[in-house]
Structure formats: C-alpha cells, structure tokens
Amino acid sequence: MHYISETLYWISTGLMVPVVILLVLLFARALWLIIGFFGQYLQVKREEAVLREQFQHVDVTCLEQVQEVLPQASHLLVTPYLANMLQYAGQTHQLNLQAAGFELAADRELATCKTLTKLGPMLGLMGTLIPMGPALVGLAQGDISSMAYNMQVAFATTVVGLFCSAVGYLIGQIKERWFFQQQAYLQCLLDLFIKPEEKHHA
C-alpha cells in the first residue's frame, strides 16, 4: 500500500506543471475573448437594432427591403444565413439547411465559452489540491517557507481557474441571448416561405 501511495503522490505532483501551463493558456484565451467581445458588442447591438426594426412587420412584400439592409461585412452570425434564405426562397430543403447551419455555427461560436466554463474550475481545483501534499510535508518537517510557497501556488491556481470560468460563463450567456434572438429572425423567414403542410412533412 505504501508503494501505491507513493506512486500516486508522484503522479499527482508530476501533473502540476501541465496544469499550470493549461491554466496560463486558458487565462490568455479568456483575456483574448474579453477583448474580442468588447470590440464586437457595440457593432452587434447596432446591427441587431436595424434587423429588429425590419422584422417587426415583415411580410413577403418587403423582403427586398430586408435584403437591402443586410450589411455586407456583418458582425452578426445570422447575416449570411438570412441572405442565403432570401436567395433560396421557395426551396424548402435549402431553407431548412440554412437554419440547421446557423445552429451548428452558433454552437461552434459558444465552444470557447463552454470550454472556459468547464475546464477553469477543474484545472483550478487540481492546481489547488496538488500543492497541498508538498505543503503538508513541509509543515510536518517544519519547513514553513516551502509550505507557504505551495499554499501560494494553490490559491493562485484557484483564482485563475475561477476567473476563466466566470469569463466564459458571462460572455457565453450574453452570446446565447444574441443567438436566440437571431434564430427568431430565421424562424420568421421559415414561417413566411414554408407553408404549414410543407413544414409538417419537411
């Protein structure tokens, strides 16, 4: 049993370097996500306001007007899918394909946020528990400086992991609301282009 415990101890200690490296990478990715999000936020709100106004009273007679207001270089994920749906009006399978494509694209867009939300606490907890072993050994041997260093590492990894998770969660929540609203525009076009009986058989 002693050899097994020693083996597990050395394995867990050896994982400390990969955990710290991954936490640093996650932290850098979280900072990059924040920078990109603030650069995107105002543009998305502005373009969404234009689309919301157009779709409040949209019908088949004003679809050309909707197509005209779609920006060529848009920050909205839904814009190219709206343009394609307007182009494929009347082609049921293409319309459904565009709607499904948007859902997949939205899921890919949220992948980074989900990764930060889930991996941040996991790596933070590992970075907290791994140094506790050497810290307890240092305490038992009277090496206070070694114990203090390991406790410092444990607390630092916890904070970094929680920070990454918080960034991923908050930005992910905001982006999910954006995508739900944008999906409503696609559904609006589907309701206009696809008759109820065709939608039932599609």
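Trainee: Is F38 buried or exposed?

Mentor: F38 is exposed, because its relative accessible area is 59%. Buried means under 20% relative accessible area, exposed means over 50%, and partly exposed lies in between, with a 1.4 Å probe and protein chains only.

Trainee: What sort of model is this, and how are residues numbered?

Mentor: This is a predicted model, in which local features need pLDDT of at least 70 and side-chain atom pairs count only at pLDDT 80 or more, while totals for chains, interfaces and linings use all residues. Residues are numbered from 1 along each chain as its sequence is written, and side-chain values use heavy atoms, with hydrogens and water left out.

Trainee: Back to F38. Which ring does F38 pair with F37 to form, edge-to-face or stacked?

Mentor: The pair of F37 and F38 is edge-to-face, because the ring centres are 5.9 Å apart and the planes stand at 65°. Rings of Phe, Tyr and Trp (its six-membered ring) pair if their centres lie within 6.5 Å; planes under 30 degrees apart count as stacked, over 60 as edge-to-face and the rest as tilted. F37 itself counts as buried, at 7% relative accessibility.

Trainee: And how are the rings of Y41 and W178 arranged?

Mentor: That pair is tilted, because the centres of the Y41 and W178 rings are 6.0 Å apart and the planes are at 35°. The pair links distant parts of the chain, as Y41 lies in helix α2 (residues 16-55) and W178 in helix α8, 137 residues apart. Y41 counts as partly exposed at 32% relative accessibility, whereas W178 counts as buried at 7%.

Trainee: Which residues form one aromatic cluster?

Mentor: F37, F38, Y41 and W178 form one cluster. The whole structure holds seven aromatic pairs.

Trainee: New topic. How many helices and strands does the protein have?

Mentor: The protein has nine helices and zero strands. Helices (H or I, at least four residues) and strands (E, at least two) are DSSP runs, numbered from the N terminus.

Trainee: How do the axes of α4 and α5 cross?

Mentor: The axes of helix α4 (residues 79-87) and helix α5 (residues 92-109) come within 9 Å and cross at roughly 175°. Axes are lines fitted to C-alpha atoms, for helices over the stretch in contact, and angles run from 0 to 180 degrees between N-to-C directions. The crossing makes α4 roughly antiparallel to α5. Angles under 35 degrees count as roughly parallel, over 145 as roughly antiparallel, 65 to 115 as roughly perpendicular and the rest as oblique.

Trainee: Which residues make that contact?

Mentor: From α4 come Y81, N84 and M85, and from α5 come L95, Q98, G101, F102 and A105. Contact means heavy atoms within 4.5 Å.

Trainee: What about α5 and α6?

Mentor: The axes of α5 and helix α6 (residues 111-129) come within 4 Å and cross at roughly 40°. The two helices are therefore oblique to each other. D107, R108 and E109 of α5 meet A111, T112 and K114 of α6.

Trainee: Last one: where is S165, and which residues does S165 contact?

Mentor: S165 is found in helix α8 (residues 144-193). S165 is buried, with a relative accessible area of 12%. Leaving aside neighbours within four places in sequence, S165 is in contact with L116, T117 and P121.
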